[in-house]
Amino acid sequence: MDLSQSMHVLTWEVTKACQLHCRHCRARAIPHRNSGELSVGEIGAVLDDMAEKLSFKPIIVFTGGDPSERDDLDQILEASISRGFITSISPSVTPRITDELVHHWAEMGVRAISLSIDGPNPEIHDRFRGVKGTFERSLQVAHAVVESGMSLQLNTSVGRFTIEGLEQMGELAKALQVSSWEVFFVIPMGRANLKSSLDAQEIERVLEYLADYQGKVGFRVTAVGAPHYVRVQHEGGYTGDQPPRQIVREARGFAFIDHLGEVYPSGYLPLSGGNVRERSIVDIYRESELFTSLRDPHRFAGGCGACDYSVACGGSRARAYAVFGDPLAPDPGCILSGAELPSQTVARIATLRP
Ligand code: SF4
């Protein structure tokens with residue numbers, strides 16, 4: 001698949017409403033729905049546009065906020081499934097997510113459910129998610145998903161508050177029979193800040209652990225927000241002599257639509273390439289200046305532009321933007337990028353670190 005022509009994954013925030021209070025929340029979720037959310041009809045029109053123009057249909061992940069806050073979620077899912085998109089949901093684990101609802105989604109044809117579990121015990125997870133009891137209920141929902149026949153994807157945010165439990169988390173992923181374990185490196189945006197994020201050395205160590213762990217388990221282990229995973233895998237010999245493939249990252253195989261129709265390179269990079277109410281999402285993805293610049297390694301500054309892995313990796317454009325205000329800046333989360341944090345930022349980190 002040519003990643004400049006089509007996304008591999010489209011994440012779609014259908015609402016910002018959510019009843020959890022996660023420390024790192026990218027969306028800065030709110031308790032109530034916004035009256036300006038895209039309607040089912042508007043969502044259907046975007047899906048028609050993609051079905052017509054794309055030779056490869058992306059996997060669509062409906063997220064939020066909490067997508068189950070929408071009482072028309074079934075219609076949204078039906079619109080996607082009936083047009084042949086591989087459809088998955090990333091719900092928040094609240095009392096609304098019953099075993100019956102999970103089985104209902106499976107019967108509708110939903111292929112996968114993504115659940116967030118950030119630590120191997122309630123102390124880490126519930127503290128991070130802001131609501132007691134979420135950990136235990138997440139385990140129950142995870143079992144229901146596997147029992148229903150859908151694929152279970154486990155998402156784990158790794159940052160200052162969760163790093164201590166990461167290896168046990170990997171064991172929990174195995175015990176829960178996940179299809180994939182996606183480790184999200186906290187980007188300092190939304191409710192997350194530099195206090196929550198890891199530095200380049202810490203990220204390197206986590207990536208080495210993930211590359212090693214990937215070789216020991218039968219499910220996919222991926223890193224989100226750290227495309228230099230591809231470098232760590234290659235340098236560590238985990239990929240043999242094969243040259244690294246381009247990893248999916250912001251604007252390259254990936255796009256994000258928010259509840260108002262703005263199209264972003266990622267949910268963690270708050271720069272819009274356009275709005276689906278005004279322009280085709282396919283045109284925004286293929287032709288907008290923002291999206292094309294983020295796919296062009298010659299435009300990257302510092303170490304990322306000069307790096308042997310600039311094509312395969314290219315760095316997290318979201319972290320570059322969050323720290324430097326420039327999505328083409330070097331990724332300060334990589335030890336090779338040569339990115340020097342601004343002195344004000346260094347001083348601020350020093351005051352934040354425990
Ligand atoms: S310097 Fe940039 S392009 Fe090179 S491996 Fe690090 S993040 Fe990737």
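This is a predicted model: local features need pLDDT of at least 70, side-chain atom pairs count only at pLDDT 80 or more; totals for chains, interfaces and linings use all residues.
User: How do you know where the ligand sits?

Analyst: The ligand sits in the largest cavity. The test is that more than half of its atoms lie within 2 Å of the cavity's grid points.

User: Why is α1 called roughly parallel to α2?

Analyst: Helix α1 (residues 40–53) and helix α2 (residues 73–82) pack at an angle of about 15°. Angles under 35 degrees count as roughly parallel, so α1 is roughly parallel to α2. Their axes are 10 Å apart, and the crossing of α1 and α2 is right-handed.

User: What makes α6 roughly parallel to α7?

Analyst: Helix α6 (residues 166–175) packs against helix α7 (residues 200–214) at about 25°, with the axes 11 Å apart. The cut-off is under 35 degrees, so this pair is also roughly parallel. The α6 and α7 crossing is right-handed.

User: Which peptide bond is cis, and what is its omega?

Analyst: The bond joining glycine 64 and glycine 65 is cis, with omega about 20°. Glycine 65 lies in the loop between β2 (59–63) and α2.

User: What is the phi of glutamine 177, and is it positive or negative?

Analyst: Glutamine 177 has a phi of about 60°, which is positive, although this residue is not a glycine. Glutamine 177 is placed in the loop between α6 and β6 (180–185).

Key
Residues are numbered from 1 along each chain as its sequence is written. Side-chain values use heavy atoms; hydrogens and water are left out. On a 1 Å grid over the protein atoms alone, a cavity is a set of points where a 1.4 Å probe fits but cannot get out, and a pocket is an open set with protein on both sides within 12 Å along at least five of seven lines; lining residues have an atom within 4 Å of a point. Axes are lines fitted to C-alpha atoms, for helices over the stretch in contact, and angles run from 0 to 180 degrees between N-to-C directions. Helices (H or I, at least four residues) and strands (E, at least two) are DSSP runs, numbered from the N terminus. Angles under 35 degrees count as roughly parallel, over 145 as roughly antiparallel, 65 to 115 as roughly perpendicular and the rest as oblique. A crossing is left-handed if the near helix is turned anticlockwise from the far one by less than a right angle, and right-handed if clockwise.
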